[in-house]
Amino acid sequence: MERYKETLKKENRIMALCSIVLFLCSLLAFSSEMGLVNVIPDFPEAHWMSLWQGFVGGASTGILCLMVFGLIRNLLAMKDEKKLKKLYVKMHDERTIQLFHNARSAAMSVFLIGGLLAVIVTGYFDPKVSITILVCVMVCSSLCLWFKVYYDKKY
């Protein structure tokens, strides 16, 4: 359990650092929304700029809440041995890990096939969007191939 506590301490440091960065991102986005600073680039139409600033602020605030929740969960678990053991079992349950792996694999397959269909459909409307989606699909495919080769050599 001591090794798991050390792992949680490292995880807590990373989450604390990320929380600070996300808080600053939220603060900057909402400050841009209110017109106090202008760090997010201007859009040709004002309502799109406001929408984007709100999206960036909301997304960073949502992820910040998840980080703080995880940080609090870890800190509470580190103070109580029963909670620590329960968290360890939850994080290292083989069935849950296998379910996540299967879900990620299926989601990646759906994403790649859907992305290729989107490339074809958007090619008729806007080539820039089509090429952007194609690049995303190619990056994901390359990462899948790279990880497959990596884990094939590792195991």
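Is K9 buried, partly exposed or exposed? K9 is partly exposed, because its relative accessible area is 35%. Here buried means under 20% relative accessible area, exposed means over 50%, and partly exposed lies in between (1.4 Å probe, protein chains only).

This is a predicted model, in which local features need pLDDT of at least 70, side-chain atom pairs count only at pLDDT 80 or more, and totals for chains, interfaces and linings use all residues. Residues are numbered from 1 along each chain as its sequence is written, and side-chain values use heavy atoms, with hydrogens and water left out.

Helices are DSSP runs (H or I, at least four residues), numbered from the N terminus. Helix 1 has 33 residues, which at 1.5 Å a residue should span 48 Å; its end C-alpha atoms are 47 Å apart, which agrees. The expected span is 1.5 Å times one less than the number of residues. Among the buried residues of helix 1 are Y4, L8, N12 and M15. Just after this helix, G35 has a positive phi of about 85°.

One salt bridge is found in a search of the whole structure. The term stands for a side-chain nitrogen of Lys or Arg within 4 Å of a carboxyl oxygen of Asp or Glu. K9 and E6 form a salt bridge through their side chains, at 3.6 Å from N to O. The two are separated by about one helical turn, because they are three residues apart in helix 1 (residues 2-34). E6 is partly exposed, at 40% relative accessibility.

N74 belongs to helix 2 (residues 46-79). With 0% relative accessibility, N74 is buried. Beyond the neighbours within four places in sequence, N74 has contacts (heavy atoms within 4.5 Å) with L8, E11, N12, M15 and L87. Of these, L8, N12 and M15 are also listed among the buried residues of helix 1.

**Aromatic pairs**

The whole structure holds seven aromatic pairs. Rings of Phe, Tyr and Trp (its six-membered ring) pair if their centres lie within 6.5 Å; planes under 30 degrees apart count as stacked, over 60 as edge-to-face and the rest as tilted. Two of the stacked pairs are listed here.

| Stacked pair | Centre to centre | Angle between planes |
|---|---|---|
| W52 and F55 | 5.2 Å | 25° |
| Y151 and Y155 | 6.0 Å | 10° |

W52 and F55 are both in helix 2, three residues apart, about one turn of the helix. W52 is partly exposed, with a relative accessible area of 39%. In the other pair, Y151 is partly exposed at 40%, whereas Y155 is exposed at 72%. Ring pairs also join W146, F147, Y150, Y151 and Y155 into a cluster.

I131, V135, V139, L143, W146, F147, Y150, Y151 and Y155 make a nonpolar surface patch of about 980 Å². Such patches consist of residues with over 30% relative accessible area and no salt bridge, with nonpolar side chains (Val, Leu, Ile, Met, Phe, Trp, Tyr) joined within 5 Å and like charges within 9 Å. Accessible areas come from the Shrake-Rupley method with a 1.4 Å probe. Y150 lies in helix 5 (residues 127-154) and is partly exposed at 38%.

F125 sits in the loop between helix 4 (94-123) and helix 5. F125 is exposed, with a relative accessible area of 69%. From F125 to S142 the separation is 17 residues in sequence and 26 Å in space, C-alpha to C-alpha.
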